[in-house]
Amino acid sequence: MIETAAGVLEGVDPLERIRAEVREETGYAVDHLRHVMTLFASPGTLTERVHYFVGEYRPADRCDAGGGKEDEGEDIEVLELGFDDAFDRLARGEIVDVKTVVLLQYLQLHIIKGG
């Protein structure tokens, strides 16, 4: 499954948690992240809120290989897609993780703006 970096808060501030998860899962140290929304997947049945962030990174921000934590059962392949490829995969139904879909649609609406 193709999905964006994410993690359970476990009492930690959402911004602090996503920074740590991005580093663990992708190998990038991304300092400048911006909170864009907080949503409930299904407010009537789930109490989990999902905090969504966007940020920019450069090749120089890579600090290790990523891949997640082996002791947590993570074996993550880091996949970097260009915007067009990601949007094409979304349209073909290859990206089905709701977090990733929401963030890609946010990018289309607010960051890319058709160009």
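Reader: Starting with R92: buried or exposed?

Author: R92 is exposed, its relative accessible area being 51%. Exposed means over 50% relative accessible area, buried means under 20%, and partly exposed is in between (1.4 Å probe, protein chains only).

Reader: What sort of model is this, and how are residues numbered?

Author: It is a predicted model, in which local features need pLDDT of at least 70 and side-chain atom pairs count only at pLDDT 80 or more, while totals for chains, interfaces and linings use all residues. Numbering runs from 1 along each chain as its sequence is written, and side-chain values use heavy atoms, with hydrogens and water left out.

Reader: Back to R92. What does it form a salt bridge with?

Author: With E94, the closest N and O atoms being 2.7 Å apart. A salt bridge here is a side-chain nitrogen of Lys or Arg within 4 Å of a carboxyl oxygen of Asp or Glu. E94 counts as partly exposed, at 39% relative accessibility.

Reader: How many salt bridges does that rule give?

Author: Nine.

Reader: Which one ties together parts that are 45 residues apart in sequence?

Author: The salt bridge between the side chains of E24 and K69, at 3.5 Å from N to O. E24 lies in helix α1 (residues 14–26) and K69 in the loop between β2 and α2, so the pair ties together parts that are 45 residues apart in sequence. Helices (H or I, at least four residues) and strands (E, at least two) are DSSP runs, numbered from the N terminus.

Reader: Are those two buried or exposed?

Author: E24 counts as buried because its relative accessibility is 19%. K69 is partly exposed, at 33%.

Reader: What about R58?

Author: R58 pairs with D61 in a salt bridge, and their closest N and O atoms are 3.5 Å apart. R58 is exposed, with a relative accessible area of 54%, whereas D61 is buried at 16%.

Reader: Which residues are linked in a network of salt bridges?

Author: E3, D97 and K99.

Reader: Different topic. Which residues form the negative surface patch?

Author: E70, D71, E72 and D75. Patches are made of residues with over 30% relative accessible area and no salt bridge, with like charges joined within 9 Å and nonpolar side chains (Val, Leu, Ile, Met, Phe, Trp, Tyr) within 5 Å. Asp and Glu count as negative, Lys and Arg as positive; His and the chain ends are not counted.

Reader: Where does E72 lie?

Author: In the loop between β2 (49–55) and α2 (83–91). E72 counts as partly exposed, at 48% relative accessibility.

Reader: What else is found in the loop between β2 and α2?

Author: E56, for one, is found there. E56 is exposed, with a relative accessible area of 71%. E56 and V78 are 22 residues apart in sequence and 16 Å apart in space, C-alpha to C-alpha.

Reader: On to α2. Which residues are buried?

Author: A86, F87 and L90 are buried in α2. They cover an arc of only 95° around the axis, so they sit on the same side of α2. The arc is that of the directions from the helix axis to the C-beta atoms.

Reader: And what does the face turned away from the buried side carry?

Author: The exposed residues D84 and A91.

Reader: Last one. Which residue has a positive phi although it is not a glycine?

Author: E10, with a phi of about 50°. E10 is found in the segment before α1, and E10 is exposed, with a relative accessible area of 66%.

Key
Accessible areas come from the Shrake-Rupley method with a 1.4 Å probe; for residues, only the protein chains shown count as cover. The place of a charge is taken as NZ of Lys, CZ of Arg, CG of Asp or CD of Glu.
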